[in-house]
Amino acid sequence: MTTATNRVKIFDTTLRDGEQSPGATMTHDEKLEIAELLDLMGVDIIEAGFPIASEGDFRAVSEIAQRSKNASICGLARANYKDIDRCWEAVKHAAKPRIHTFIGTSPLHRAIPNLSQDEMAERIHDTVTHARNLCEDVQWSPMDATRTEWDYLCRVIEIAIKAGATTINIPDTVGYTAPRESADLIRRLIETVPGADEIIFATHCHNDLGMATANSLAAVEGGARQIECTINGLGERAGNTALEEVVMALKVRHDIMPFTTGVDTTKIMNISRRVASASGFNVQYNKAIVGKNAFAHESGIHQDGMLKNAETFEIMRPADVGLAGTSLPLGKHSGRAALRAKLNDIGYEVGDNELMDIFVRFKELADRKKEVYDEDIVALVQAGAPASEHLKVKFLRVICGTEAPQSADLTLTVDGEDKQVTAQGDGPVDATFNAVKQIFPHGARLQLYQVHAVTEGTDAQATVTVRLEEDGLVVTGQSADTDTVVASAKAYVGALNRLIVRRQKSGKDTKEVSYKDTV
Ligand code: KIV
Ligand code: ZN
């Protein structure tokens, strides 16, 4: 009896239904690699392709079949002998081969080959019998089962079972069903169809209404013992049931859904990334289980809770799906506790005052940047507070164009007094430095100007280092900002502030107020 066991088989169709999504085509080698990962992960059946569809599909299915270790290898075939023979040719070398044959049974689908109910019933009988004569393990699917008339569905399933099908798959081809209906359908089929308790019922849900996972789990409650699914929910239109979602749901909510699978869940993340890169379908950030944000917490309250006890906001451990750990990305919603934790994490022990100082600058940065990376934090810490605040950048606007010269409109606060100039230069940084020099004339030589983009993306933070030398005194200023020119101005002014302090300390303070004459 199918429902006597609580073991649910996982049938992965990433390489067949998943690869059918427009634009998700994978290369031969990618298919082999993904099949190997699926096999190692412990899925029970891999639907490796549709052998009659192309030479490439045939080759992929037959090579996957030959290399398979534990999983059954299945190929898809329409309800005709040619498809089924080709499918068998491809899967027959697998240790555990399976033929999956299907036909659309709903009124809309019956109209396409223009078959009457009786003609289709006969076709089903003949093709399933043919498949079973070739292969011990035959799966049959009445495509669009959830929109097929109840009596006719029962009739054709009974025919397929009698003809030798060992698994009956109930596809919700257009993602039309809903959880209660999905459970009831399987339950009623098991109660009604003669021979139903001898075979396994499978559920195959599409996600057009976003209910594929819920419908699959409900089908299991109704008695299905095979879930058809794909990695990352890849598949036609809105996709198929996501493997990672059903497997983790059964694991995390085992208390109310006491079913098990053979999947090693710690392999989920790796295969998800591999499928995303092979198919070119990036995983949405907030996708359950495998999205970039699935184990990330940014708000201050959540981060604080997570630092105290991970279970406050996490129902599964990142390690359960193969992730190294929770991520507490720093952003404008983060609080001091998370900033301190991050600083400790990347090797900085700071006192309360220093933390406050870094926190203020961190918030300024986070307001301008979507995500603040570790490198940004290092840059913030290293930039530090200026040695003194004789000079401070108050306002900067640069005008750039393809035609030189560029100009910079700069206001510096000099010992509490605002000074404004507009200067030109060969490029925005040169114009800005000229403006600084006009407000604060000095003889220091620029020894080094270095820009380092510390993170990726167009909103990356740049760290600028400026080294000045004057009469043997060498000073360095460093600043980080999402705007390279602003970081340059601040680094330059920071170096000058240090120079002023060094001059005072070394008794060379002869030019202290010379800027006053120039503005
Ligand atoms: O969605 C569907 O009906 C299918 C069948 C081929 C099983 O993918
Ligand atoms: Zn499908």
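A salt bridge is counted here when a side-chain nitrogen of Lys or Arg lies within 4 Å of a carboxyl oxygen of Asp or Glu. The legends below refer to a predicted model.

**View 1. The salt bridge between Lys31 and Glu19.** The closest N and O atoms of Lys31 and Glu19 are 3.5 Å apart, which places the pair within the 4 Å cut-off. Lys31 belongs to helix 2 (residues 28-41), whereas Glu19 sits in the loop between helix 1 and helix 2, so the contact ties together parts that are 12 residues apart in sequence. Both Lys31 and Glu19 are buried. The structure holds 32 salt bridges.

View 2. Asp17 and His206 link distant parts of the chain, 189 residues apart. Of this pair, Asp17 lies in helix 1 (residues 14-18), while His206 lies in the loop between strand 7 (200-205) and helix 9 (212-222). Both Asp17 and His206 are buried.

**View 3. A salt-bridge network that includes Asp17.** Arg16, Asp17 and Glu47 are linked in a network of salt bridges.

**View 4. The salt bridge between Glu149 and Arg110.** The closest N and O atoms of Glu149 and Arg110 are 2.7 Å apart. The two residues come from distant parts of the chain and are separated by 39 residues. Glu149 is located in the loop between strand 5 (138-143) and helix 7 (150-163), and Arg110 in helix 5 (residues 107-110). Glu149 has 31% relative accessibility and therefore counts as partly exposed. Arg110, at 9% relative accessibility, counts as buried, because the limit for that class is under 20%.

**View 5. The salt bridge between Glu89 and Lys92.** The side chains of Glu89 and Lys92 meet at 3.0 Å, N to O. Glu89 has a relative accessible area of 36% and is therefore partly exposed. Lys92, at 31% relative accessibility, is likewise classed as partly exposed.

How values were computed. Residues numbered from 1 in each chain as written. Chains lettered and ligands numbered in written order. Predicted model: local features only at pLDDT ≥ 70, side-chain atom pairs only at ≥ 80, totals over all residues. Heavy atoms only, no water. Helix = DSSP H or I, 4+ residues; strand = E, 2+ residues; numbered from the N terminus. Buried < 20%, exposed > 50% of the residue type's maximum accessible area, 1.4 Å probe, protein only.
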